[in-house]
Amino acid sequence: LITIFAPSMEITFTADLPLFARVYCSLLVRVREHGGLLEKGDTAKKAIARYVIFMDTPRKQDSDVPLDILWVWCVHCLAPRVYINDCLAAFGGVRMYFPSQQQQQTDHQKSIEFGPAFSGEEFNIDEDCNNMKFSRFMPSINLEAAMVRQKGFLERASSICSTPKSDTLLSLIEQYKAFLSLVKTRPGRALVPTVGIDLIWHAHMMVPEAYIKDTIAIMEYVVDHDDTVSEDNLEVHRQATKEVWDSIYDFAYCMTG
């Protein structure tokens, strides 16, 4: 357990957030290099179809996951309530495919590798998309649009992800803790995280079982994540969040990171 402290409250995470944040940064760098996983088109459609087929095929949850499938899964997890409901409808429980804590390198100086992308394998998009209709597992959100929406985030987070320093990640986890404290004490208010806080939030959501336990323990409900808000509305709420933040905390709400 990692215990961190927010004003007037103690928050305990069941996931090793420093570790998962580093792994998530590594994944984002790989996805950004791939390019096609952030655009509408055949590559995204192929990845989504492969993801649905993968999820519907019994396998060990600690097996290697190809990069394209892992990325679609991560994007699905960024809508946690949707992902939970989709899994419950198909399987009766939540599935996790992000590399487990036991699988991760304990030495952070070593590189972290994911499974192959299988980019050269033959694939009939129309045929396989039709086969998806027979799957028990059917995502209830537009994953292709969700993949595209992540492009801007990856660009903004690139400076953090390219060289994820331990001190930086630990500082961002403290800010994430402070953000959760704001969410808890101001129910119903639209609060916007900084890019750095959102990065840690994303990493937390990549561990669905821990995320469910942690947010229920903190908030008494599963905290949802909405990346469909327009940039104009985000900016209004971002300014309001900064005002609240600055009135409570003695460390900066960094709007650019």
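Where does Glu220 lie? Glu220 sits in the loop between α9 and α10. The model is predicted; local features need pLDDT of at least 70, side-chain atom pairs count only at pLDDT 80 or more, and totals for chains, interfaces and linings use all residues. Residues are numbered from 1 along each chain as its sequence is written, and side-chain values use heavy atoms, with hydrogens and water left out.

## Overall make-up

The protein has ten helices and two strands. Helices (H or I, at least four residues) and strands (E, at least two) are DSSP runs, numbered from the N terminus. Starting from the N terminus, the order of elements is β-β-α-α-α-α-α-α-α-α-α-α.

Of the 257 residues, 50% are buried. Buried means under 20% relative accessible area, exposed over 50%, and partly exposed in between, with a 1.4 Å probe and protein chains only. Contact means heavy atoms within 4.5 Å. Among contacts between residues at least 6 apart in sequence, 76% join residues at least 24 apart.

## Confidence

Mean pLDDT for the protein is 83, and 80% of the residues score at least 70. The pLDDT is the predictor's confidence in each residue, from 0 to 100. Confidence is lowest in strand β1 (residues 2-6), at a mean of 43. It is highest in α8, at 97.

Residues 1-6 have pLDDT below 50. Beyond near neighbours in sequence, this stretch has 25 contacts in the model. Residues 101-120 also have pLDDT below 50. That stretch has 39 contacts in the model beyond near neighbours in sequence.

## Helix α6 against helix α8

The axes of helix α6 (residues 143-162) and α8 come within 10 Å and cross at roughly 100°. Axes are lines fitted to C-alpha atoms, for helices over the stretch in contact, and angles run from 0 to 180 degrees between N-to-C directions. Angles under 35 degrees count as roughly parallel, over 145 as roughly antiparallel, 65 to 115 as roughly perpendicular and the rest as oblique.

Helix α6 contributes Gln150, Phe153, Arg156, Ala157, Ile160 and Cys161 to the contact. Helix α8 contributes Val195, Gly196, Asp198, Leu199 and His202. Together these residues divide into six nonpolar, three polar and two charged. Here Ala, Val, Leu, Ile, Met, Phe, Trp, Tyr, Cys and Pro count as nonpolar, Asp, Glu, Lys and Arg as charged, and the others, Gly among them, as polar.

## Helix α7 against helix α9

The axes of α7 and α9 also come within 10 Å. They cross at roughly 50°, which makes α7 oblique to α9. On α7, the contact uses Tyr176, Leu180, Val183 and Lys184. On α9, it uses Tyr211, Ile218 and Met219. The set divides into six nonpolar, no polar and one charged.

Glu174 is found in helix α7. Glu174 is partly exposed, at 31% relative accessible area. Its C-alpha atom is 9.7 Å from that of Ile200, 26 residues apart along the chain.

## Around helix α8

Thr194 lies in the loop between α7 (166-185) and α8 (195-205). Thr194 counts as buried because its relative accessibility is 2%. A polar atom of the Thr194 side chain lies 3.1 Å from the backbone nitrogen of Ile197.

His204 lies within α8. Its relative accessible area is 0%, so His204 is buried. The His204 side chain makes a polar contact with the side chain of Asp214, at 2.8 Å. A polar contact is a pair of N or O atoms within 3.5 Å; within protein, one must be able to donate a hydrogen and the other to accept it, and residues adjacent in sequence count only if both atoms are side-chain atoms. Leaving aside neighbours within four places in sequence, His204 is in contact with Phe13, Leu17, Tyr176, Ala210, Tyr211 and Asp214.

Glu220 is exposed, at 69% relative accessibility. Its phi is near 75°, a positive value in a residue other than glycine. Most residues other than glycine have a negative phi.

Asp226 is placed in the loop between α9 (208-219) and α10 (231-248). With a relative accessible area of 51%, Asp226 is exposed. The side chain of Asp226 makes a polar contact with the side chain of Thr228, at 2.5 Å.
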